[in-house]
Structure formats: C-alpha cells, structure tokens
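Keep the sequence and the 3D view open as you read.

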Amino acid sequence: MSKNWSPATQLVHGGTTRSNHGETSEAIFLTQGFVYETSEAAEARFKGEDDGFIYARYGSPTNDMFEKRMCLLEGAEDARATASGMAAVAAAILCQVKAGDHIVAARALFGSCRWVLETLAPKYGIDFTLVDGRHLENWEKAVRPNTKVFFLESPTNPTLEVVDIAGVAKIAAAVGAKVIVDNVFATPLMQKPLELGAHIVVYSATKHIDGQGRCLGGVILSDKDWINEHLHDYFRHTGPALSPFNAWTLLKGIETLPLRVRQQSENAARLADFLAEQKQVSKVIYPGRKDHPQADIIARQMKGGSTLVCFELKGGKEAAFALQNALDIVLISNNLGDSKSLITHPATTTHKNLSDEARAELGISPGTVRFSAGIEDSEDLINDFARALKSVQA
C-alpha cells in the first residue's frame, strides 16, 4: 500500500483486504470465533506465533481493516477500535494507570470524560487535577512526582477553546507522562496530535468518521509498544470491542470523510461570519476566525477551522430555546459531526450535570449554543438562521 497517497485516496483504499471472492466493498465478518486446521495451529495462534484471528472480542478482519485505515490517516503505528467514543476514552486512560497515580487534565472536557476523571478514577485510588488548559504554566504547576497521564481535547466541547498540544507534550515528556488527545472536534484531517508530540489519540468514530447518524464507534491510536504494553491486555480482557458490522459501517463512512468535512467546515465558517453580524448574538467562537482567542496556536497546529460553531445569545436560555425551536433545516440533537446540521444547548444537555460554577468556568452560559454544520447548501442554512433569529429578542 503506497504511503505517498493523499488522505482522500487512503480513505478509499487503505488497509483493504479481500477474500478469495474478490469483493469490491469490504466484507463484513459477522463471526464470534475462528476455526483452526489443526490443534497445533490453534496452539501457535494462542502463543502469538501465528498472526491470525482468535476471537471477535480480540479482533476481526473487518475491524482490522478499519484500524489499519485509521492508522494510515492518523500516522499511527497501531490502533484498537472500540464500541463507542467513551469506551475509547476510558480504555486509553485506565489501561495505563493504577492506584496511587495522578492525572492532569484540561478542565474543558465533555461531561462523560469529566465523570471518568472525577467519579470513576477516584474509586480506584487514582487522583486527578483539572486545569485551565489554555495556559501552559497551569500544566507545569499541576505536575506531581506520580503524574502519569495528561488528558485534553482540542478544540474543546462546546466552547472551541484550543490547547497548545506541542507545548503540553513538551512538559509531559520532561516528567515521563503520556499525553492523550481527544481529537474529535478537529478530525484527523485538520489536526495530527501525534505529529505534535502527543502519545495517544482517541476518537468517537460516531461523529465525523461515520458522520451519518448510523452507529456508535471509537478508536484509540498510538505506537505499537504502548498498545502492546498497556492497551492490549486491557482491551482483550475487559471487552470494549467494536462490532464488526459497525466497523464495516465506519469503513463506508470514512471513504467520504474528506468530502463531508470540507463542506461542513465551509458551512460552519460562513455561518460563523453571519452570526457575528447579528444583533441577537453577543459572541461567536470559531477556530477559523481571526478573532478566536487562540488564533496563533490554531495557525501552528491546525490545517483548517472546524465543523462546529459556538455562539452566545444575549437573551440566555429563553433566547436559545426560541432559536432552536424556530429552526427548520437544523435539527435539535446532542450529536455532532453528522451530514445533517445539528444544534444543541449545552447547559441543558451535554453539560447539564456540571455545577453552575463549573459551567461558568468553562464559559458555558445559559445563552451558549453549539452548532454542528452538515453538508446542506450554505445559503439554505443561513436563511434558516436568519428566519429563526426573528423569534429571538435582541
């Protein structure tokens, strides 16, 4: 397989294996187990002397194709596909820490990610510190002798803050900690955390990779040594494996990822510019705009903006609900990265379990709205918002 192919080509052809039938589309291997020609062959497989498959919980041909294709896209040596994005996050963190260890994480995280750190990890004697990840000195100050992991997402959910991944990776390297980056909002097309010094990248493949609202999935990518030392046995014995059918669905979705993300990002950028001119809107945050607070970091580490826009309405929750309820094309949903444009009110959905103080720290106000651009015509989307904003008090 040529390593010189562009991402668009790799995402159609990369990592493909075919059965003796020579199928065009990747095959779905809906099997729980595999058979061996002899007892000696089974023994060799379990000893690791034969690279074939053993059990679908450990891996399957369809999952293997998806993992290889993601590695080609991300520039990673190895990967494991999981049943969901949160399965990927939890496995990436928990497989490498033990009681007495310490995690430093950016406070701007998806609500379920914060639950893993704030509720689950302490049950097993794992300590954590949340920091304002935008400032590198905060990461340095939070380090302890037992710090093993740095965890962040960039851009963040939902306020699209950006963390200096290379800067954080340099601090982590100095203390021997591993950096995990949740790269969902950037997608692997716009940001390559491994190239910036991160050790592990996680995705909710449910989002842009499927991108059509069909199935759940996740993936963890890193080097072979880390996966073999930390993730392999955890994955094998705790069973967060992705269904082969979902792996096949994700393989079909990833073929069109560049086309969808390009259109989604163009739509997001146009809508961000439109919203910035509206009297009902007090603030717009979009990584492609020059007024983004971390525009200099974005220029260094991202190849584009994002498919998402965060904005704040002057009228608070009442205005946010009025806008969302008045939209025709754009659907109210807590999902993102879909071919259909989606909108949500984080304070009452994705981040509702945070305290008022925690939401305020993250910049999530009652008027904060998150928009995920789809692949519709941009003029139709702008007209939809223009009409819906008429129902919102300035």
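**The largest cavity**

Val184, Thr187, Pro188, Tyr203, Ser204, Lys207, His208 and Ile209 line the largest cavity. On a 1 Å grid over the protein atoms alone, a cavity is a set of points where a 1.4 Å probe fits but cannot get out, a pocket is an open set with protein on both sides within 12 Å along at least five of seven lines, and lining residues have an atom within 4 Å of a point. The model is predicted, so local features need pLDDT of at least 70 and side-chain atom pairs count only at pLDDT 80 or more, while totals for chains, interfaces and linings use all residues. Residues are numbered from 1 along each chain as its sequence is written, and side-chain values use heavy atoms, with hydrogens and water left out.

- The structure holds one cavity of 30 Å³ or more.
- The volume of the largest cavity is about 50 Å³. A volume here is the space filled by probe spheres set on the grid points, which are joined across faces, edges and corners.
- Helix H8 (187-190), strand S6 (200-204) and H9 each supply at least two lining residues of the largest cavity. Helices (H or I, at least four residues) and strands (E, at least two) are DSSP runs, numbered from the N terminus.
- H9 gives the most to this lining, with three residues.
- Four nonpolar, three polar and one charged residues make up the lining of the largest cavity. Ala, Val, Leu, Ile, Met, Phe, Trp, Tyr, Cys and Pro count as nonpolar, Asp, Glu, Lys and Arg as charged, and the others, Gly among them, as polar.

**The largest pocket**

- The largest pocket has a volume of about 960 Å³.
- Its lining has 30 residues, and Asp51, Phe53, Asp64, Asp78 and Arg80 lie nearest the centre.
- Helix H2 (39-47), H3, strand S1 (78-82) and helix H10 (224-238) are the elements that give two or more residues to this lining.
- H3 gives the most to the lining of the largest pocket, with six residues.
- By class, that lining has 11 nonpolar, eight polar and 11 charged residues.

**The second largest pocket**

- The volume of the second largest pocket is about 400 Å³.
- Of its 23 lining residues, Met86, Phe110, Asn157, Ser204 and Lys207 lie nearest the centre.
- Helix H4 (85-94), S6 and H9 each supply at least two residues of this lining.
- The lining of the second largest pocket divides into 11 nonpolar, eight polar and four charged residues.

**Helix H11**

- Eight of the 11 residues of H11 (residues 244-254) are buried, so the helix is largely enclosed by the rest of the structure. Buried means under 20% relative accessible area, exposed over 50%, and partly exposed in between (1.4 Å probe, protein chains only).
- Among the buried residues of H11 are Pro244, Asn246, Leu250 and Ile254.
- The buried residues of H11 pack against helix H1 (7-13), helix H3 (61-74), helix H9 (206-210) and helix H12 (257-276). Contact means heavy atoms within 4.5 Å.
- Ser243 caps the N-terminal end of H11, with a side-chain oxygen 3.1 Å from the backbone nitrogen of Phe245.

**Cysteines**

- A disulfide is a pair of cysteine sulfur atoms within 2.5 Å. The count comes to zero disulfides.
- Cys71 is in no disulfide, and the nearest cysteine sulfur, that of Cys95, is 15 Å away.
- Cys71 counts as buried because its relative accessibility is 10%.
- Cys95 is in no disulfide, and the nearest cysteine sulfur, that of Cys113, is 15 Å away.
- Cys95 counts as buried because its relative accessibility is 13%.

Notes. Polar contact = N/O pair within 3.5 Å; in protein donor to acceptor, adjacent residues only side chain to side chain.
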